[in-house]
Amino acid sequence: MPDQPTFSAINPSTGQSIASYRESTRADVDAAAGVAQAAFTTDLPPFWQTDLLDTVADRIVDLGDPLLEIAEAESALPRPRLTGERARTTSQLKLFAAHVRQGAWLDAVIDTADPSRKPAAKPDLRRMNIPRGPVAVFGASNFPLAFGTIGGDTASAMAAGNPVIVKGHPSHPGTSALVASAVMAALDHLHLPKGLFSLLQGTSHDLSAYLVQHPAITAVGFTGSQRAGRALFDLAAARPRPIPVFAEMGSVNPLIIMPGAIKANGDAIGKGLAGSILLGVGQFCTKPGILLVIGDDRRPLIQSLTAALTSGGTMLNENLRNNFCSNTSSIAQTPGVQTLLAGFSQNHAGITPSLFATEAATFLANPRLHEEAFGPAALMVHCPHPQDAINCLSHIEGSLTGSLHFSPDDDQKMVRQLLVALQSIAGRVIINGFPTGVEVSPAMVHGGPYPATTDPNSTSVGTAAIRRFTRMIAYQDVPDTLLPPALQNANPLHIPRTVNNQTNTGSIGQ
């Protein structure tokens with residue numbers, strides 16, 4: 001019998017192998033899908049997922065420093081960053097648990113019957129959201145905890161009541177396995193079916209494709225590159241029974257700076273921009289990559305920004321660093337583009353920041369300049385007039401964010417026009433701030449028009465993320481005893497419901 005294929009976790013700083021892990025196979029996918037389907041059809045108590053999410057959060061904390069140590073070795077992310085990411089991971093698990101208990105996510109709507117209505121009797125109709133079924137989640141490279149094994153996609157899919165099969169990111173398999181052990185411990189502690197969660201590991205495209213095309217899978221959550229996200233999207237669409245892929249992909253996150261803002265606050269804006277560009281070595285999906293600078297006096301901003309863009313760092317893996325170098329080299333070689341800071345490679349996956357400048361006309365004429373360079377780089381586009389910035393925005397594809405810096409001295413009518421232009425391409429608009437740093441809250445939208453995501457009406461952060469992994473169902477003239485608890489007359493779950501256009505938590509007919 002041939003040896004089982006393996007792959008290695010690599011330290012990004014040294015290029016040395018940390019440990020080897022077994023490649024999952026198609027048989028592993030079949031097995032995970034089978035137990036997931038069995039778990040989904042098991043009669044579990046309402047809101048079983050709340051105790052699970054809370055318990056998983058506690059188990060992750062119980063893992064202690066070994067989790068941070070292996071994540072640091074596999075990602076080259078600093079310990080303070082990973083400590084904060086662990087806190088974000090556990091807090092969003094508890095946030096989803098609280099959100100599920102509250103019950104509004106079910107969107108229970110009841111229209112009671114009216115047999116006396118003429119010319120036809122009105123039926124009893126009751127609608128709610130229910131889970132889709134087994135969900136496949138692909139872990140992200142840049143957030144090994146918060147968007148990894150039990151990160152935002154897994155947490156929201158599980159919160160909706162779905163079994164989840166995670167394809168761990170090959171950059172941090174040890175981290176994925178350790179977190180998975182916490183999930184399995186929680187399932188065991190609560191006596192829940194183990195098929196509610198599975199982890200697959202590996203590097204092959206065939207493994208990912210087979211998982212997405214498996215007939216048991218009902219939806220996919222993904223965070224990563226546009227190329228990989230689109231490939232999964234196309235595979236899911238080509239299935240005999242297509243399924244949705246909720247992919248968060250590339251984003252250039254345009255940031256506009258008006259002349260009054262530069263005059264009043266140019267130095268501070270430059271320093272803030274540098275911090276945003278460098279955060280996580282430029283590997284945040286909300287990094288501002290295109291800076292549309294309006295007016296002619298850009299000197300205070302350029303001086304401050306270039307002075308602050310000094311620190312390099314180690315990217316998550318060598319492949320990302322090499323792709324970044326290829327992208328920045330393409331930008332630098334474009335006629336009409338000036339290199340203000342030239343980045344260079346360091347150690348195995350290290351890099352220093354890059355900054356480029358060009359004119360609006362050059363930007364409009366070169367579609368290559370509209371694309372994301374994932375890493376610590378930005379392109380500054382000089383826009384002599386506000387309309388030039390609006391024209392540039394019309395050539396930028398959908399982004400997760402759009403930012404606008406202005407002062408009271410700027411033309412407020414033009415401020416509103418720029419805001420309208422930004423909101424047409426972005427999922428979140430920021431005023432006089434920077435896009436990095438995504439608050440995990442009910443009001444957050446971490447999405448946007450394609451290619452920021454494959455579904456502009458979705459978010460992968462915040463409690464609204466749960467909606468991706470539910471579907472609506474209506475019950476017509478179904479006896480009360482056969483209805484799910486959320487729609488029964490007595491409202492045994494005590495959740496908010498809309499009954500005959502009135503929202504309340506009471507019962508019906510009492």
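## Nonpolar cores

A nonpolar core is a set of buried Ala, Val, Leu, Ile, Met, Phe, Trp, Tyr and Cys residues joined through side-chain atoms within 4.5 Å. In this predicted model, the largest such core has 52 residues. L52, V56, I60 and L93 have the most contacts inside it. Helices α2 (48-62), α4 (79-102), α5 (152-159) and α6 (173-189) each supply at least two residues of this core. So do strands β4 (125-131), β5 (135-138) and β6 (164-167).

A second, separate core has 40 residues. I290, I294, F324 and I425 are among them.

## Contacts of I60

Which residues is I60 in contact with, leaving aside its neighbours within four places in sequence? The list is L67, R86, T89, T90, L93, I150, V179 and A182. One of these, L93, is itself among the residues with the most contacts inside the largest core.

## Aromatic pairs

The whole structure holds 6 aromatic pairs. F246 and F469 form an edge-to-face pair. Their centres lie 5.7 Å apart, with 80° between the planes. This pair links distant parts of the chain, 223 residues apart. F246 belongs to strand β9 (residues 245-248). F469 lies in the loop between β19 (426-431) and β20 (470-476). Both F246 and F469 are buried.

## The F143 cluster

F143, F147 and F284 are linked into a cluster by ring pairs. Two arginines also place charge over the ring of F143. The charged end of R81 sits 4.7 Å from the ring centre. For R88, the corresponding distance is 5.5 Å.

Terms used: Residues numbered from 1 in each chain as written. Predicted model: local features only at pLDDT ≥ 70, side-chain atom pairs only at ≥ 80, totals over all residues. Heavy atoms only, no water. Phe/Tyr/Trp six-rings, centres within 6.5 Å; stacked < 30°, edge-to-face > 60°. Helix = DSSP H or I, 4+ residues; strand = E, 2+ residues; numbered from the N terminus. Buried < 20%, exposed > 50% of the residue type's maximum accessible area, 1.4 Å probe, protein only. Lys NZ or Arg CZ within 6 Å of the ring centre and 35° of its normal. Contact = heavy atoms within 4.5 Å.
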